[in-house]
Amino acid sequence: MRAFQTSAVMKRASQQVRGMATEKQLKERMVGTKNIEKITKSMKMVSAAKLRGDQNRLAAAAPFAAWTNPITGVEQDLETVDVTAFPAKNLFVIMTTDKGLCGGVNTILTRMTRGAITRLDADGKQVDLFVLGEKGRAQLRRSHGSRIIGSATDRVMPYTFELATALAQDVIGGDYDAVHFMYNKFKSAIAYIPSVKTVAPLLDPAHPFLFNYEVEPDNDPETLQNFYEYTVASKMYHALMDNATSEQSSRMSAMENASKNAGEMLNKLNLQYNRARQARITTELIEIISGASALKG
């Protein structure tokens, strides 16, 4: 019985020794954490510089697409959007990022998109997906892979109207009653709103929006189809600018939080290192004093 108790005590003691980090291990952790802090601070500064450029491009794109508002209406909050007003055949264009380390900008958008898809399924309406960005494609492929009709990844930034036009041609290739852009609307450097903008084909010459215009040749369907393509491209470009600005603001906030956490972890490791160093010095002094006392005795 006594041998069993001695073995258990030695086992607990060895576990405690293995659980305590040495000064060398703590020093290595401090160096690693310090390097991570430098990286996150650098990424924050880079994102801040890119954010200013994206904000300028967004400000320039806003009036460029403002003429479409009488046709499409204002954007809606994606979380609370009423899908009962959606037509029978829908295409969701989900705008996510190709790169990570940008907070929840992709996860929140895809989660709300899944909710909208579930509500549309409950209403018996069709919905397909066209995904922009590798992160969104990876997340939605697991749950709605059969709905994805196309995707675009590794896009060159900053986005251009030429890219928006090419994407618009791919989007309107199908026979859909409406195209819905799912994107993050930029609000401020620390906030963005997952939003949805709906664009329906304007192919009816009697539409009120066309009262002030003349369609030549007279009510030509091809002319109206070209006008619809240009409307989709304009909204696509503006949504891309909004989402790109939101991406940089989210990445800047994420890197700021990461730098703050790295600093706090570095302080804790420094405190543990000083305690371990003090304990070692105290132990060495005790050994020296004990040896000297033994020699005198």
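Begin with the whole chain: of the contacts (heavy atoms within 4.5 Å) in the protein with a separation of 6 or more, 77% join residues 24 or more positions apart. The model is predicted, so that local features need pLDDT of at least 70 and side-chain atom pairs count only at pLDDT 80 or more, while totals for chains, interfaces and linings use all residues. Residues are numbered from 1 along each chain as its sequence is written, and side-chain values use heavy atoms, with hydrogens and water left out.

Next, display the C-alpha trace, which spans about 120 × 50 × 30 Å along its principal axes.

Colour the model by secondary structure. There are seven helices and six strands, taken as DSSP runs (helices H or I, at least four residues; strands E, at least two) and numbered from the N terminus. Their order from the N terminus is α-α-α-β-β-α-β-α-β-α-β-β-α.

Now select V93, M95, L132, V171, F181, M236 and L240. Within the largest nonpolar core, which has 32 residues, these touch the most other members. Such a core is a set of buried Ala, Val, Leu, Ile, Met, Phe, Trp, Tyr and Cys residues joined through side-chain atoms within 4.5 Å; buried means under 20% relative accessible area (1.4 Å probe, protein chains only). Elements supplying at least two residues each include α2 (23–66), β2 (89–95) and α7 (221–296). The largest share, 10 residues, comes from α7.

Finally, centre on M95: among the residues that M95 touches are L109, F181, M182 and N243, leaving aside those up to four places away in sequence. L109 and M182 belong to a second, separate core of 17 residues, which also includes V81 and I94.

Note on methods. Buried means under 20% relative accessible area, exposed over 50%, partly exposed in between (1.4 Å probe, protein chains only).
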